Each structure stands twice: as C-alpha cells, then as structure tokens.
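Let's take a walk through this model together, moving from one part to the next. Keep the viewer open so that you can follow along.

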Amino acid sequence: MPVVTSSLSRDQERNLLTLFGHVRLHLLYKGSVHGFTAAAFHSRCDQQGPTVIVAYNAAGFVFGAYTSKDYAQSGQEVHDGEAFLYSIAPQRNKPLRVGGISGQRAFTDGGTGPNFGALVFLCEDRPLVQSVPGTCFNFQAAEMHGNDLALTEFEVYRVEELGNLLEKPWRNIQWTAEKKQQLMTSIQNYLPDLKSVNQVRVLLVGPVGAGKSSFFNSINSAFRGNMTCQAITGTAGTSVTTQYRAYTIKAGRRGANLPLILCDTMGLEENADSGLNIDDVVSILKGHTKDRYQFSTCSSILEDSPGYKKHVTLNDTIHCVAYVIDTCKVSLLSQKMLDKFTAIRKKANQLGIPQIFVMTKVDEACPLVAKDLKNVYQSVYIQKKARQLSESLGIPLSFVMPVKNYSEELELDLNTDILLFMVLEQMLNYAESFFENQIKDDQDETTGLELYRSGNHAR
Ligand SMILES: Nc1nc2c(ncn2[C@@H]2O[C@H](COP(=O)(O)OP(=O)(O)OP(=O)(O)O)[C@@H](O)[C@H]2O)c(=O)[nH]1
Ligand SMILES: [Mg+2]
C-alpha cells in the first residue's frame, strides 16, 4: 500500500485549521486510495474520536463536517453540540462555518456514508454528496459547494488536540554546551566491557520514512561538526533505504572511530510481503548479514547468499535494537505494524538484546517544540505520544526517547545535538547491560579471564 498523502493545499489546510483550536490533523482515509464506499470509510474512520470530513469538488470548494463524537455504526441519532459544517472556497478569505440547528441531531450513525442530514457523503457508494439544507444544518447551497455535488476527492482526518506546555518537564535536561561536551566525551571514551567486542552495534528498525537514515546522518553530522548526508533519505511510497548498512562514525573529520556502529535497514511496511521481512531482521540480530546486503521484499537472506556471513562472533551481533517511530504517526500505527514490532521484540528478547524506542520528528509533531526544542519534555502532546507508544507496545515509558533529526538545516544546533547524544548514551547504557549478561553467562561456562576488559566483574 503506497504512503497516503493529503490533497489539501497549504492555504486550504491553513484555512481549515482556523476552525479549530491548537490541533493536528491526521489523515485516516482517502476515497481515491481506499475506495469511495461506506464500508471503506467505516473500516478506517470508526472509533477514531473527533474527525473532520474534507470533500473536494471540481468547482474548487473544499467542504465537509466536523464531529467530536465517534462513528460506530450504532444506528443511533447522535447529538453533538460541537459539530459543524464548513466550506472553503477560492473566492472567500475566511471559511464558512455552519453550526447545527438547535435540538436537531448532528448526524445519523448508520452503516451508510457519513450522514449529517443536510449533507450526506458517499451516496450509493459513489463520490457523490446529497445536499438538503435545512435538515440538521442550514446553509445556502451555492455558498457551501457551488451546487457541484460530484466529488473529485473525499478525505477524513482525525482531529487531535495538541495541548500546551506542562508546568514541569517530565525529564530534566541541561541544555548547555557543557552538557553536550560531557555527553560527547563519555560516548567517545566508551569501551565495551568484553574484550572480543570492539564496537557496539545498534540496529535501527522502523516503518518507512520514520527517520532511521536521518538519525544516522544526524549523529554523523553532530560528531563531524558539519552537516553530512552519507545515507540517502527522503520520502517515497516504499522504503528509500534498500541495502543493509553498518555505518561507522568518526569524531571529527579525521578523528577516531566512535565505539558505535549504527546499522540502517529498509523500512517496515504493514503487509506481510512488503518492506523489511522479519527473517532478515533475525539474521541481522545474529550478525549473519554483511554490510551492503541488498534486501529483497520477496525473499529473506539464505545461508548461501553472498551477503550471508556464516561464522559470527559477539563482535558481529547486534547489541541494542532501536525502534525508530515518527511521533506524528504513533496513534496511526496499525495492528499489522504493531504485530511486526511484537515479532521483532520477541526475537530480540529471546536473544537477550536490549531495546529502545526513538520517537523522531518531534518538531513536526508539535509547533511548540518546532519553536523551541527545549520544550520537548514539556509539550503535553509529545508526552501523550510517548505514553501512547509505551502503552500500545507494552514497554516502560523510560524506554522512549524523543528526538529531532537534522532534516533541512545547514548548521548544527546545540539543543538538537544534546537530544541526539542523549539517545546515543542510552543506547550504550543498554548495550552495557547486554555485555554484563554475556559476562554472567560466560562465567557459568568458562573461567577465561582474558574475556573482560575491566576488573569490575567477579570472575
Ligand atoms: N522535520 C523532521 N523531518 C525529519 C526528521 N527525521 C526525518 N525527517 C524527514 O523524514 C523523511 C524520511 O526520513 P528518512 O531518514 O529517509 O527515513 P527512513 O526511516 O530512513 O525511511 P526509509 O529508508 O524509506 O524506510 C526525510 O525527508 C527526512 O528529512 C525529524 O526529526 N524532523
Ligand atoms: Mg532509510
């Protein structure tokens, strides 16, 4: 399934947003992609909380209906004091907003297309609207839709409150140059406790377009001291990254390698036969996949594939898995995608590999954070998304790390670096737990003193 994008122009979106408070719109359904049928509408829009319908016609009108209630096909008449119809037309500066007629229902919650009385969408499972001004809502037909009832597109968005700033941040961060320097030094000086391991390998996995490759580029840039774009990034219907890449990072242009390798993968997709497949993830976790292995959506890596490494040591295996997730899409993660996460988590748990959840694009998700990144742990919306992620995946909130990648900047920024380095520091801390468990396991089997770098472990 290709990535579904909104048909709203910037001006239309800006106009539409003036009808609400401080909200984000999430596209749930698009007629031209999912089908102009009541069934397709209900399968994506039922039980989604507040939503807004956005219908388009050839006369240039963008019009529809907002309700704060769920669609649920209950067969009931739904009263909603907050519901309204609206219309945006090229010749009007401000959108037209039409409140409900007092005492009348807002909509009939049936199995048909959305039925707001005066406007009934997807009539007879076609891109058509029926217009009966005076039923539930009253308006001039010419003002609402220019008397053009054939739809060129039909979309439904979930309307999510963004909220404001918390009084106190839910994590305390020192946004200072000293903090950045301290994080950089501790990352550069890190040494895995096991002698056989030279560098910590962190695997980046996540849905298409979540920001996996950008995360590597951002870390690379922050350590180099200038913007880099070694990994190709961007947006396309399917994953931009198609090769497995194990990236080393240098501290400074000619500096030493960091004790960390970031392993970038192809994006996960909802369907079983597209995007990164789970068997490939297992091979990577176990260290069998060579750098630059070309992923294939139709088959996983085989033992006789040229990209398969037969003999592996702890130096080749993954020591920490980082799930990379777009903050704006946390509440849109489908069950199929969550099932893929669960399958990977199960494998990683079996192998004893610690895991961390990186929530990217906090700047896109919350305007207050876009304005000042230091608001990241004070934004009600970001905290809500972190909690939602932790609940939907059944992981502690402490495993969730919000981050902003460099995407369009030309210069590095202190606060962006601090947030990025904090994620890296956490990855190293988690990998450390993995090594400690290996040491514990080895102790039970061997007395090989030379295995360990430090003298901290009882032998
Ligand atoms: N504003 C903003 N944009 C971001 C951020 N992270 C990534 N992007 C943008 O999101 C788009 C996708 O990023 P990629 O890094 O290519 O995502 P990916 O997860 O590697 O995607 P695939 O390789 O296709 O699976 C790019 O246009 C990035 O510039 C972020 O934190 N903030
Ligand atoms: Mg990528």
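Ligand 1 has 22 residues around it, and the ones that come nearest are Gly211, Ser214, Thr233, Thr241 and Gly267. Bear in mind as you look that this is a predicted model. What sort of residues make up the shell around ligand 1, by class? There are 14 polar residues, along with five charged and three nonpolar ones. As for where they sit, helix H6 (212–224) and helix H9 (362–365) each give at least two residues to this shell. The largest share comes from H6, with three residues.

Now zoom out to see the chain as a whole. It is divided into domain 1, covering 10–161, and domain 2, covering 177–451.

Six strands form an open sheet in the order S12-S13-S11-S14-S15-S16, and their pairing is mixed. Which strands stand at the edges? They are S12 (245–250) and S16; each has a single partner strand, so one side of each is left without a neighbour in the sheet. Going from one strand to the next, the twist averages 25°.

As a reminder, strands in a sheet pair through backbone hydrogen bonds, in either a parallel or an antiparallel fashion. One pair to pick out here is strand S11 (residues 200–205) with strand S14 (residues 320–326): the two run parallel and are joined by four bridges.

With S14 still in view, turn to helix H11 (residues 380–393). This helix lies across S14, strand S15 (355–360) and S16. Relative to S16, H11 runs at about 150°.

Is Tyr406 buried or exposed? With 24 other C-beta atoms within 10 Å, Tyr406 counts as buried, because the cut-off for that label is 20 or more. Leaving aside residues up to four places away in sequence, Tyr406 touches Asn217, Ser218, Ser221, Met227 and Thr416. For a sense of scale, compare Tyr406 with Glu155: they are 251 residues apart in sequence, and 31 Å separate them in space, C-alpha to C-alpha.

How values were computed
Residues numbered from 1 in each chain as written. Chains lettered and ligands numbered in written order. Predicted model: local features only at pLDDT ≥ 70, side-chain atom pairs only at ≥ 80, totals over all residues. Domains from an automatic or database assignment. Buried ≥ 20, exposed ≤ 12 C-beta atoms within 10 Å, placed from the backbone. Contact = placed C-beta atoms within 7 Å. Near = placed C-beta within 6 Å. Nonpolar A, V, L, I, M, F, W, Y, C, P; charged D, E, K, R; others polar. Pairing = 2+ DSSP bridges. Axes fitted to C-alpha atoms, helices over the stretch in contact; angles between N-to-C directions.
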